[in-house]
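Here's a quick, friendly tour of one protein model. Have a look at the sequence and the 3D view, then read on.

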Amino acid sequence: MVNALAQVPAEFLYALGTLRKARCRSELRLDEIPAPSRLAPFAVALGAEVIGASSRGSQSDAVHGPAAVALARSAASNGSDSDDDELATGRFILLHDPDGSAVWDGEFRIVTYIRAQLEPEMGNDEMLGSVAWTWLVEALETHQAPYRAAGGTATRVLSESFGTLSDRPESIDIELRASWTPASADVQAHLEAWSDMVCTFAGLPPLPDGVSALPRRRRN
């Protein structure tokens, strides 16, 4: 273990430390997941989900990393309501290449994904994608998370059922894939901004001034 840590760049270890300091909303479940191995020499990945109120923890801050795994197992052993609504899910990946990347314009890159289910009529809103992107930009600015070289794609996914499944209602999902280069190895504010975005996609108040919640479908 000691030898393995010795191979990790000091800047990446520092970045991991700033992630642990992130203070996220209690509605957000944040957990460490396997990181992609081909995108960069060093990477860490977090998975997030926003669940209905009855299954939320009592803690005011979300916990991620190895501690979150232990907490999740403890909650499962105490019995949790698996029928609660899953309002939104996401992934937050921090990549690091000590040699830098011309594509990234830096040594770090944050890659994210958010998905949430909406009311079917929202799928016809031509502004939905641009609104989702605006939320991300505003979240980064609100949390004073400096960045550059940002890019992303917003996708609306329509699901229709037929035959024996025809009684299932149509559903619309919004997916936002985005990446950007943080201005420094201090990425605490970036994780906090992204976690707020996941909660915004889930339609949870409170929201920043001038931002409206996406109406979400209530699963039966």
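## Aromatic pairs

Rings of Phe, Tyr and Trp (its six-membered ring) pair if their centres lie within 6.5 Å; planes under 30 degrees apart count as stacked, over 60 as edge-to-face and the rest as tilted. Going by that rule, there are three aromatic pairs in this predicted model. One of them brings together Phe-12 and Phe-42, a tilted pair with 5.9 Å from centre to centre and 40° between the planes. It ties together distant parts of the chain: Phe-12 sits in helix α2 (residues 10-20) and Phe-42 in strand β2 (residues 42-51), 30 residues apart. Both Phe-12 and Phe-42 are buried.

Another pair is Trp-135 with Phe-201. Their ring centres are 5.9 Å apart and their planes stand at 75°, so this one counts as edge-to-face. Here too, distant parts of the chain are linked: Trp-135 belongs to helix α4 (residues 128-142), Phe-201 to helix α5 (residues 188-201), and 66 residues separate them. Trp-135 is buried, at a relative accessible area of 8%, and Phe-201 is buried as well, at 0%.

## A look at helix α5

Let's stay with the helix that holds Phe-201. Helix α5 has 14 residues and spans 20 Å from its first C-alpha to its last, close to the 20 Å expected at 1.5 Å a residue.

How many of the 14 residues of α5 are buried? The count is 12, so the helix is largely enclosed by the rest of the structure. Among the buried ones are His-190, Glu-192, Trp-194, Met-197 and Cys-199. After α5 comes Gly-203, which has a positive phi, near 80°.

Is Ser-179 buried or exposed? With a relative accessible area of 17%, Ser-179 falls under the 20% cut-off, so Ser-179 counts as buried. You'll find Ser-179 in strand β6 (residues 171-182). Its side chain makes a polar contact with the side chain of Arg-109, at 2.9 Å. Leaving aside residues up to four places away in sequence, Ser-179 touches Arg-109, Ile-110, Val-111, Ala-149, Ala-150 and Gly-151.

Ser-26 lies in the loop between α2 and β1 (28-33). At 30% relative accessibility, Ser-26 counts as partly exposed. Ser-26 and Val-50 are 24 residues apart in sequence, while their C-alpha atoms are 9.3 Å apart in space.

Technical notes:
Residues numbered from 1 in each chain as written. Predicted model: local features only at pLDDT ≥ 70, side-chain atom pairs only at ≥ 80, totals over all residues. Heavy atoms only, no water. Helix = DSSP H or I, 4+ residues; strand = E, 2+ residues; numbered from the N terminus. Buried < 20%, exposed > 50% of the residue type's maximum accessible area, 1.4 Å probe, protein only. Polar contact = N/O pair within 3.5 Å; in protein donor to acceptor, adjacent residues only side chain to side chain. Contact = heavy atoms within 4.5 Å. Expected span 1.5 Å × (residues − 1).
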